[in-house]
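Trainee: I would like to go through how the parts of this chain pack against each other. Can we take the questions one at a time?

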Amino acid sequence: MEWTGHSEHLTAAVGMTQVWRPDTTEEAWRLKRQYGTFASYVAGGTWLRTRWESGSSVLPPYLISLDKIAPLQAIQQLESEQEAVELRIGAAVTLAAIESHPLAGGAVPLLGKAVSAVAAPSVRRQATIGGNVMSRSGDLIPALLALDAVIVSYSQGQYERQPLAEWLAGDGGDCDKLTVGFELKQVGGSCWFRKIGRRETFTPSVITIACAYRADSTAGRLLDVRIAVGGAGMAPVRLYEAETAAESGASGASVYAAVRKGIPSVADDYASAAYRRMAAANVIAAELDRAASG
Ligand SMILES: Cc1cc2nc3c(=O)[nH]c(=O)nc-3n(C[C@H](O)[C@H](O)[C@H](O)COP(=O)(O)OP(=O)(O)OC[C@H]3O[C@@H](n4cnc5c(N)ncnc54)[C@H](O)[C@@H]3O)c2cc1C
């Protein structure tokens with residue numbers, strides 16, 4: 001890779017590809033708007049690189065690196081009350097930084113568990129939360145959905161906040177939009193996170209499950225249950241019906257049925273839709289039953 005000075009930015013020539021390293025959100029967006037589909041934002045590059053190497057997508061003529069944009073690298077506490085922490089995590093914060101940050105991986109256990117379950121430490125030192133979510137298939141998405149996260153994006157001089165669940169339900173719309181960060185709130189309670197794979201070592205997850213809840217031990221009830229699932233090739237979703245069933249104290253069989261109903265029907269070369277539904281329903285119904293019975 002050869003580094004050359006260009007305009008006010010340092011750019012690198014990688015073969016025929018030029019890498020721009022803007023200092024601000026506005027400049028990054030302007031470059032993307034200028035080059036359109038000939039450019040791609042790049043954060044850690046770990047997801048993009050596997051796609052270029054496998055031939056699933058082509059290295060574009062321009063890359064817009066996000067590594068010099070300070071607000072995208074920051075973890076900021078918005079508010080802290082008793083038992084509640086509200087955070088903004090910049091899109092280009094690495095998974096390793098989240099893992100070791102006392103307010104992120106530490107104070108938000110569901111996020112901490114999800115981050116630790118992604119790839120190996122060497123990948124986590126480069127991979128970012130923004131890249132994970134923007135790939136639309138990352139393992140962090142179910143955890144962020146269960147935390148009711150909000151995605152903050154920038155386009156044409158405007159910042160926009162949107163619930164992540166709503167953003168995922170859309171088609172992504174304006175592909176020049178830059179994701180600036182995520183806002184989330186941790187309000188105590190318990191949580192668990194599971195990646196069901198075909199074997200222990202890294203393979204794309206068959207299904208990823210994130211769950212948060214509060215347990216009312218005197219009444220033997222679960223409150224504020226939030227369950228989200230994702231996995232290779234499947235659009236991540238919240239399982240609202242299963243959440244309501246669990247909160248109402250419905251039987252394990254009803255929770256099981258609601259989970260099966262809520263999981264999108266997606267199969268790939270490794271797992272059928274029926275297997276995904278069954279695996280998720282077994283795990284979720286068993287875990288919630290254990291939580292309710294203390
Ligand atoms: C060996 C290996 C193992 C892996 N294991 C896992 C795993 O277990 N679980 C998992 O979820 N993933 C896994 N991955 C995939 C990947 O590492 C992660 O999803 C990672 O978090 C992606 O982040 P990144 O910064 O590298 O994204 P990049 O590759 O830089 O970008 C990903 C996509 O997001 C876009 N993008 C990035 N940032 C922004 C932004 N701020 N605004 C708009 N668009 C943006 C890019 O244009 C690109 O389309 C693995 C990858 C490798 C190589």
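Trainee: How many residues of domain 2 are in contact with domain 3?
Mentor: This is a predicted model. The domain assignment places domain 2 at 70-186 and domain 3 at 190-293. With contact taken as heavy atoms within 4.5 Å, domain 3 contributes 17 residues, and the number from domain 2 is 17.

Trainee: What area is buried between domain 2 and domain 3?
Mentor: The centres of the two domains, taken over C-alpha atoms, are 21 Å apart. In domain 2, Asp-139, Pro-142 and Ala-146 lose the most area to domain 3, together 35% of what that side buries. Carbon and sulfur atoms give 67% of the total, and that total is about 1,400 Å².

Trainee: Which helix supplies the largest share of the side of domain 2 that touches domain 3?
Mentor: Three helices each supply at least two residues of that side: α5 (109-116), α8 (140-146) and α9 (164-169). The residues of the side divide into 13 nonpolar, no polar and 4 charged. The largest share is 5 residues, and the helix that supplies them is α8.

Trainee: How many salt bridges does the rule find across the interface of domain 2 and domain 3?
Mentor: The rule for polar contacts gives 6 residue pairs across this interface, both residues at pLDDT 80 or more. For salt bridges across the interface, the number is 3.

Trainee: Which residue forms a salt bridge with Arg-238?
Mentor: A salt bridge needs a side-chain nitrogen of Lys or Arg within 4 Å of a carboxyl oxygen of Asp or Glu. For Arg-238 the closest N and O atoms are 2.7 Å apart, and the partner is Asp-148.

How values were computed: Residues are numbered from 1 along each chain as its sequence is written. This is a predicted model: local features need pLDDT of at least 70, side-chain atom pairs count only at pLDDT 80 or more; totals for chains, interfaces and linings use all residues. Side-chain values use heavy atoms; hydrogens and water are left out. Domain bounds come from an automatic or database domain assignment. Buried area is the accessible area (1.4 Å probe) that two parts lose on being put together, summed over both. A polar contact is a pair of N or O atoms within 3.5 Å; within protein, one must be able to donate a hydrogen and the other to accept it, and residues adjacent in sequence count only if both atoms are side-chain atoms. Helices (H or I, at least four residues) and strands (E, at least two) are DSSP runs, numbered from the N terminus. Ala, Val, Leu, Ile, Met, Phe, Trp, Tyr, Cys and Pro count as nonpolar, Asp, Glu, Lys and Arg as charged, and the others, Gly among them, as polar.
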